[in-house]
Amino acid sequence: MLEIKNLHVAVEGNEILKGIDLTVKPGEVHAIMGPNGSGKSTLSYVLAGKDDYDITAGEVLFNGQNLLEMAPNERAVAGLFLAFQYPIEIPGVATMTFLKTALNAVRKERGKDELSTPEFMKLVKEKSAKLNVSQEMLRRPLNVGFSGGEKKRAEILQMALLEPALCVLDETDSGLDIDALRVVSDGVNALRSPERSMIVITHYQRLLDHIVPDIVHVMARGRIQKTGGKELAKELEAKGYADYVGEAAA
Amino acid sequence: MAAVKETVDQVAELERYKYGFVTDIESEFAPKGLNEDVVRFISAKKGEPEWLTDWRLEAFQRWQTLKEPSWAKLGYPPVDFQDLYYYAAPVKKAGPKSLDEVDPELLATYEKLGIPLKEQEILAGVEGTENRVAVDAVFDSVSVVTTFKEKLEEAGVIFCPISEAVHRCPEIVQKYLGSVVPITDNFYATLNSAVFSDGSFVYVPEGVKCPMELSTYFRINAQNTGQFERTLIIADKGAYVSYLEGCTAPQRDENQLHAAVVELVALEDAEIKYSTVQNWYPGDKDGKGGIYNFVTKRGDCRGARSKISWTQVETGSAITWKYPSCILRGDDSVGEFYSIAITNGRQQADTGTKMMHLGKNTSSRIISKGISAGHSSNTYRGLVSAHGKAKNARNYTQCDSLLIGDKCAAHTVPYIEAKTASAVFEHEATTSKISDDQMFYCMSRGLSDEEAVALIVNGFVKEVIQHLPMEFAVESQKLINISLEGSVG
Amino acid sequence: MTVKPDIPRTPAEEELLKRFADCDPCDALSSLRETAMAHFARTGLPHRRVEAYHYTDLKALIRDVPPRGTLPADELAQATVAGAPGWGNASVNRLVFIDGHFVAGLSDAGALGEGVGFIPLAKALSEKSVILERVGALPVPESDPEVALNTAFMQDGAVLEIAPGTEVATPIEILHLATGAVASFPRHLVLVGKGASVNLVETYSGPAETAYQVHATSEVDVGEGATVTFLKRQEDGSGAMHLSTTVVRLAEEARYHQTGFAIGASVARAQSFVTFAGSGAEATLDGAILGRARQHLDTTMVIDHAVPGCNSREVIRAAIDDRAKGIFQGRIVVRPDAQQTDGRMMSRALLLSDGAEVDTKPELEIFADDVQCAHGATSGEIDEDMMFYLMSRGIPADEAETMLIAAFLEEVVDAIDPEPLREALSARIEMWLGERRRPA
């Protein structure tokens with residue numbers, strides 16, 4: 001599904017990613033763990049197509065397509081979804097309007113009919129109920145005045161609606177209390193399927209208690225330092241990142 | 001016919017004046033008024049090269065075509081420019097005979113600032129206190145000055161009166177003088193170009209970080225620079241200099257009109273920090289006396305990545321008209337303006353800055369804190385502009401006014417001009433009074449009303465004070481408290 | 001010796017002075033007109049050194065002034081009204097002015113309802129009506145040249161009197177249309193009685209690429225406790241010059257909400273002078289400015305807090321594209337003794353093209369201490385992070401941009417009252433945004 005080969009990325013001349021290789025197969029859930037400043041968020045933004053990053057080497061294939069040449073919306077249509085660590089507030093755009101515009105843009109490009117308003121409302125109602133997203137929240141401007149938990153739930157709601165093939169979750173657990181974490185995790189787990197892959201980026205192991213990964217990568221200093229099974233996360237929980245930071249520095 | 005006769009008479013008058021004047025060339029002062037001969041006289045007195053005489057004359061010709069600006073929110077009786085002395089000698093005119101004749105409120109202020117008696121006399125312009133004494137009184141001995149000089153010379157820094165620089169390094173002066181504030185700039189700057197008396201000159205060579213704040217020395221240097229001061233500071237590639245002008249003690253001066261020009265040039269990677277504490281005599285409580293301070297200050301960030309930072313504490317003068325500005329010409333250059341302007345009594349201030357973004361990725365920051373008390377009027381006036389080529393220009397402006405008492409006025413007049421889409425400008429301004437709740441809280445903890453005001457005001461201006469060199473930050477805080485005395489109750 | 005003006009008179013100024021001299025001065029307002037023209041003779045058209053006109057140099061912009069128009073024939077009038085911008089489902093009562101003249105046959109003057117008095121200014125002038133005493137009675141900055149010109153040359157307009165306590169249900173629209181290259185000087189006077197409420201609309205429209213000029217002035221006197229909404233919809237033709245002034249006085253406890261919608265004309269300046277004359281009053285002045293091509297759109301307002309205890313709010317949004325120029329000048333004045341004033345102004349500009357220009361001058365002029373006043377101004381391009389977020393959800397770039405521009409204007413549009421008018425303007429903005437995506 002996703003193949004990252006020798007990816008090097010720089011920001012204003014500073015190299016942040018120094019050769020990432022990663023292959024994600026359909027249905028797999030990968031966790032990328034690492035200390036702050038290891039390049040985790042950079043990787044997620046580069047996958048989603050944010051400007052300001054210079055790709056100095058390497059390539060990324062998404063279902064055989066050259067991902068790096070696509071505009072952010074083309075990536076979304078092709079089935080890539082990034083759940084933002086800090087969802088952007090957009091005053092003046094009602095959440096509902098946004099969801100409908102996004103869903104129909106994606107459907108249109110995927111060769112599906114646009115949904116009528118009643119069909120759309122029904123779909124949103126159904127999906128939002130599961131994520132504990134109130135109708136009142138949907139009437140508010142996009143992410144404006146949402147609490148941390150509300151923002152993250154709204155991200156997962158978007159994910160559920162757009163039905164991506166690959167979900168990238170960037171620190172989705174940050175700023176969540178234990179109850180909110182459960183709601184969000186349940187929402188994510190409900191989307192797991194043999195066709196859908198996920199990359200879960202996190203600093204802490206606790207999210208991985210809820211979203212159990214198939215493969216865990218440790219990222220530090222712009223590289224994947226170690227890859228293992230879910231037990232690797234437990235090991236990190238116990239020992240911290242010190243080994244990897246030191247190893248990379250040495 | 002009448003017109004012809006008039007012209008003939010005028011020419012005759014001119015001739016007579018001209019010749020009558022030549023015999024006077026050895027005298028110590030030029031006659032009242034301003035004409036071409038006075039300009040020549042000043043230049044001759046200083047032994048200036050021909051190019052500078054011509055430069056002055058060009059400015060004078062230009063000045064004659066200009067009108068005094070009236071757009072500032074200021075009200076004052078018209079200045080009669082023919083009723084002033086433009087070269088009035090090292091010999092001072094009559095001042096007070098002793099401290100007994102000096103405005104007692106002024107003396108009270110000196111005392112609060114902890115200024116020694118001898119220095120008080122000098123500042124108040126008491127007759128018989130000579131300049132050399134002033135140097136000693138303030139700085140112990142001339143040897144201090146010498147030490148400074150040696151250290152600066154070691155570093156290659158040229159720091160001297162501009163009249164001396166004209167002879168010491170004429171090519172540098174000629175290259176940069178008037179290159180930031182051209183002689184055509186504005187009424188007062190043009191006048192200054194024609195008749196400037198003296199001022200400071202600083203040249204910091206490539207790669208040199210000036211080893212000390214050029215401040216203390218200036219106090220000495222500032223003696224008798226007169227009313228048309230001219231300052232020129234050049235930081236060559238990669239150089240750094242911090243310069244402090246002024247004095248926290250209120251200086252009495254018989255020159256009512258001050259029209260100074262300050263030019264700063266920062267070349268590639270250079271940085272100039274220019275701090276001012278302006279505390280000229282503001283006049284008595286009814287607004288009598290007091291200085292008219294019409295200053296043109298401008299810095300040119302000529303090279304890439306250069307930086308010019310202005311910090312000012314303006315508490316003095318009856319009238320202040322002053323906009324220290326930055327031309328952000330070099331790509332990635334940075335301009336800053338931090339200002340505290342306090343007006344009390346009948347003072348009027350119209351001050352602010354201009355940030356002119358010309359180069360790419362230039363950024364500027366403006367923090368202005370205006371405090372009005374008494375019957376005073378305090379205006380912030382500023383321009384932020386981005387030209388078509390100033391891609392990614394950035395500005396942040398915060399401009400706050402505090403009103404103390406219901407007879408004063410505070411105005412905010414920003415001009416914000418964006419001519420490129422990628423420029424991002426943010427401007428915020430507020431006007432308010434000290435809240436009753438804040439006052440009550442402070443007083444319920446035992447502060448007097450004046451102490452409470454001082455405390456709150458110091459909080460209000462803190463962001464700017466932080467940008468002053470340390471030794472002046474403390475003095476400035478003291479000064480702010482004194483400036484606001486009598487504003488409560 | 002005669003004092004020469006600083007700058008020699010332009011042909012347009014000479015022409016205006018000559019035309020005034022040639023007019024028949026003997027009408028009921030001749031002394032008012034003469035005073036105004038005397039002012040104009042002294043000041044001339046304002047230029048960039050006149051502070052209030054710094055960004056709109058009328059001396060340079062007004063090369064000539066076309067002649068005043070005449071009342072058009074019925075057929076032409078009907079065709080003109082048929083092409084006027086509509087209000088969708090909203091119902092409004094229209095007072096139609098074509099080339100500056102009231103067209104009774106196409107107006108709803110009879111439907112205004114009880115408590116609403118209406119007389120065309122031309123009729124009031126010919127009848128020497130006592131109501132004329134109220135013309136020019138509201139405070140405007142001394143010798144404002146735009147108001148002076150309107151006063152000197154005004155011929156017709158709407159004089160509306162809303163009786164105390166009347167709640168006017170249907171919005172009253174004063175519709176200004178043009179048929180060709182003429183100059184019109186409409187002058188309206190709206191007197192709103194104590195406790196009354198009314199929704200007023202002024203609409204301006206005309207043929208494209210035609211050099212007609214509008215020099216309009218409206219005076220709105222809002223009585224004690226009265227509530228007025230005032231929507232100015234400026235959709236003049238692409239060759240037009242639109243200069244309009246709204247003068248408002250608010251009595252005690254009055255409520256006033258103005259929205260300026262500027263989308264048309266080649267050069268436009270809409271200025272408002274609002275004076276608080278009674279305490280406890282509130283005014284909100286909003287503006288949506290949409291500029292493209294080489295349009296020059298100036299919105300200027302002066303809010304004069306002359307008495308204590310009043311609130312004012314201004315929200316301005318300007319979206320400027322191509323090589324257009326958007327200007328906003330807003331001044332909050334707090335006079336001595338106008339304590340407990342609360343005045344806030346926020347202007348934001350979006351530059352949609354590299355050739356676009358936005359000039360902003362928000363001013364505070366404060367003479368009282370117990371006040372809370374603030375202004376903010378921002379300008380910049382469309383937020384990159386917002387664009388990225390929308391696109392990362394599959395929305396194409398042009399659609400994302402359209403959404404963000406509409407969202408940017410939302411705060412102003414959303415406040416328009418009553419709702420049907422808001423919907424009509426939303427639709428107009430959508431059309432503008434649509435044209436932007438698919439250039440003709």
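This note walks through a predicted model, chain by chain and contact by contact.

1. **Ground rules.** Residues count from 1 along each chain as its sequence is written, and chains are lettered from A and ligands numbered from 1 in the order in which they are written.

2. **Chain B overall.** Chain B holds 14 helices and 18 strands. Both are DSSP runs numbered from the N terminus: helices are H or I with at least four residues, strands are E with at least two. Of its 489 residues, 57% are buried. Buried means under 20% relative accessible area, exposed means over 50%, and partly exposed is in between (1.4 Å probe, protein chains only).

3. **Chain B, surface and contacts.** The accessible surface of chain B is about 20200 Å², with 53% of it on carbon and sulfur atoms. Such areas come from the Shrake-Rupley method with a 1.4 Å probe; for residues, only the protein chains shown count as cover. Take the contacts in chain B between residues at least 6 apart in sequence: 83% of them join residues at least 24 apart. Contact means heavy atoms within 4.5 Å.

4. **Ser275(B).** This residue sits in strand 7 (residues 271–278) of chain B. Ser275(B) is buried, and its relative accessible area is 0%. Beyond its neighbours within four places in sequence, Ser275(B) contacts Tyr243(B), Leu244(B), Glu245(B), Thr311(B), Leu468(B) and Pro469(B).

5. **Helix 1 of chain C.** Helix 1 covers residues 11–22 of chain C. The expected span is 1.5 Å times one less than the number of residues. The helix has these buried residues: Ala12(C), Glu13(C), Leu16(C), Leu17(C) and Phe20(C). They lie on the same side of helix 1 of chain C, because they cover an arc of only 135° around the axis. The arc is that of the directions from the helix axis to the C-beta atoms.

6. **Both faces of that helix.** What covers the buried residues of helix 1 of chain C? The cover includes helix 2 (30–43), helix 3 (58–61) and helix 6 (145–153) of chain C. The face turned away from the buried side carries Pro11(C), Lys18(C), Ala21(C) and Asp22(C), which are exposed.

7. **Ala216(C).** Strand 9 (residues 213–222) of chain C contains Ala216(C). Ala216(C) is buried, at a relative accessible area of 2%. Leaving out residues up to four places away in sequence, Ala216(C) touches Asn150(C), Pro186(C), Tyr204(C), Leu243(C), Ser244(C) and Thr245(C). Ala216(C) and Gly100(C) are 116 residues apart along the chain, with 9.2 Å between their C-alpha atoms.

8. **Chain B with chain C.** Here 32 residues of chain B contact 34 residues of chain C. The two chains bury about 2700 Å² between them, 45% of it on carbon and sulfur atoms. Buried area is the accessible area (1.4 Å probe) that two parts lose on being put together, summed over both. There are three salt bridges between chain B and chain C. A salt bridge is a side-chain nitrogen of Lys or Arg within 4 Å of a carboxyl oxygen of Asp or Glu. Lys391(B) pairs in this way with Asp354(C); their closest N and O atoms are 2.5 Å apart.

9. **Chain A with chain C.** In this interface, 32 residues of chain A contact 18 residues of chain C. About 1900 Å² is buried between chain A and chain C, 72% of it on carbon and sulfur atoms. The salt bridges between these chains number two. Lys50(A) forms a salt bridge with Asp385(C), with the closest N and O atoms 3.0 Å apart.

10. **Backbone points to check.** Most residues other than glycine have a negative phi, and most peptide bonds are trans. Asn6(A), in strand 1 (residues 2–11) of chain A, has a positive phi of about 50°. Asn6(A) is partly exposed, at 39% relative accessible area. Asp337(C) also has a positive phi, near 80°. Asp337(C) lies in the loop between strand 17 (325–334) and strand 18 (341–351) of chain C and is exposed, at 59% relative accessibility. Asp417(C) and Pro418(C) are joined by a cis peptide bond, with omega about -5°. Pro418(C) is in the loop between helix 8 (397–414) and helix 9 (419–437) of chain C.

Key: This is a predicted model: local features need pLDDT of at least 70, side-chain atom pairs count only at pLDDT 80 or more; totals for chains, interfaces and linings use all residues. Side-chain values use heavy atoms; hydrogens and water are left out.
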